[in-house]
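Biologist: Could you take me through this structure feature by feature, giving the general idea before each case?

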Amino acid sequence: MNLHDKHIVITGAASGLGLELLRQLQPGNRLSVIARPSAGLEALRRAFPNVDIYEADFADLGSVERAADALAKSAGTIDVLINNAAVQYTPRFTDPDFRYETIRREIDVNFASICTLVHLLLPSLMQSGAGMIVNVNSGLALAPKAGSAIYCATKAALNIFSQSLAYQLEDTDVAVKQVFLPLVDTAMTHGRGSGKLPPGRVAAMIIAGLASDRTTIDIGRVKALRILLRIAPGLAAKIMKRG
């Protein structure tokens with residue numbers, strides 16, 4: 001798809017990778033953002049006055065539904081939906097600081113809210129004539145780590161959902177693509193891992209991938225992970241387990 005003169009909706013674009021995607025896609029396109037209320041969102045509102053902003057708590061599906069309904073009514077046709085918003089909690093089930101309430105929140109933010117948005121915005125995407133749903137995923141969807149079990153599970157669920165959704169939309173003009181990320185240097189990954197990619201570089205690679213015919217866009221080390229999973233799955237699992 002030629003990403004020019006399009007109406008692009010990005011979730012979670014108030015910071016990190018989502019903000020970098022917005023910055024790089026904003027010239028020549030119409031941008032709408034769905035994001036939770038925050039200081040970052042207010043800064044985005046001031047920096048990009050031409051971007052339409054819809055507030056939603058992705059852990060509250062009613063809030064997501066209201067934002068999607070408002071967007072669909074006011075925005076008309078949508079060409080691209082980029083489901084980028086996500087949350088990750090690192091305590092293990094056996095850790096004293098593990099909080100039971102984070103289970104539901106992580107599932108709703110990382111998976112259920114995406115299903116909700118796809119369902120509610122699909123009619124607007126179908127009006128495009130060449131719509132695209134982009135689900136931002138993680139290498140942890142392919143092989144989990146020991147920590148963040150719920151996060152890994154939601155990303156695996158997103159992978160299967162995206163594949164099945166693509167089957168359902170085969171006879172329509174809406175394509176489904178997935179982006180599989182390695183560690184990206186954002187607030188969510190602060191204090192974890194090494195060799196993180198800068199979000200601006202990752203955003204540029206994503207945009208280049210979306211302009212291609214590929215339905216799966218592997219970023220950075222995810223390319224090597226796929227190869228290792230094919231030739232030495234046991235070794236790949238051990239490496240990913242350590243996170």
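This is a predicted model: local features need pLDDT of at least 70, side-chain atom pairs count only at pLDDT 80 or more; totals for chains, interfaces and linings use all residues.

Biologist: How many residues does the largest nonpolar core have, and which have the most contacts inside it?

Modeller: In soluble globular proteins, nonpolar side chains tend to be buried together. A nonpolar core is a set of buried Ala, Val, Leu, Ile, Met, Phe, Trp, Tyr and Cys residues joined through side-chain atoms within 4.5 Å, where buried means under 20% relative accessible area, exposed over 50% and partly exposed in between (1.4 Å probe, protein chains only). Here the largest core has 34 residues, and those with the most contacts inside it are Ile10, Leu21, Leu22, Leu25, Ile82, Leu181 and Ile206. Elements that each supply at least two of its residues include β1 (7-11), α1 (16-25) and α6 (199-210), helices (H or I, at least four residues) and strands (E, at least two) being DSSP runs numbered from the N terminus. Another core, of 29 residues, lies apart from it, with Val64, Leu158, Leu169 and Val176 among them.

Biologist: What does Leu25 touch, beyond residues up to four places away in sequence?

Modeller: Contact means heavy atoms within 4.5 Å. Leu25 touches Leu3, Ile8, Ile10, Leu31, Ile82 and Ile207, when residues up to four places away in sequence are not counted.

Biologist: How many aromatic pairs are found in the whole structure?

Modeller: A pair of aromatic rings is described by the distance of the centres and the angle of the planes. Rings of Phe, Tyr and Trp (its six-membered ring) pair if their centres lie within 6.5 Å, and planes under 30 degrees apart count as stacked, over 60 as edge-to-face and the rest as tilted. The search finds two pairs; one of them, Phe111 with Phe161, is edge-to-face, at 5.9 Å centre to centre and 90° between the planes. This pair links distant parts of the chain, 50 residues apart, with Phe111 in helix α4 (residues 101-126) and Phe161 in helix α5.

Biologist: Is Thr154 buried or exposed?

Modeller: Thr154, in helix α5, counts as buried because its relative accessibility is 4%, whereas Phe111, at 22%, counts as partly exposed. Leaving aside neighbours within four places in sequence, Thr154 is in contact with Glu106, Ile107, Asn110 and Phe111.

Technical notes. Residues are numbered from 1 along each chain as its sequence is written. Side-chain values use heavy atoms; hydrogens and water are left out.
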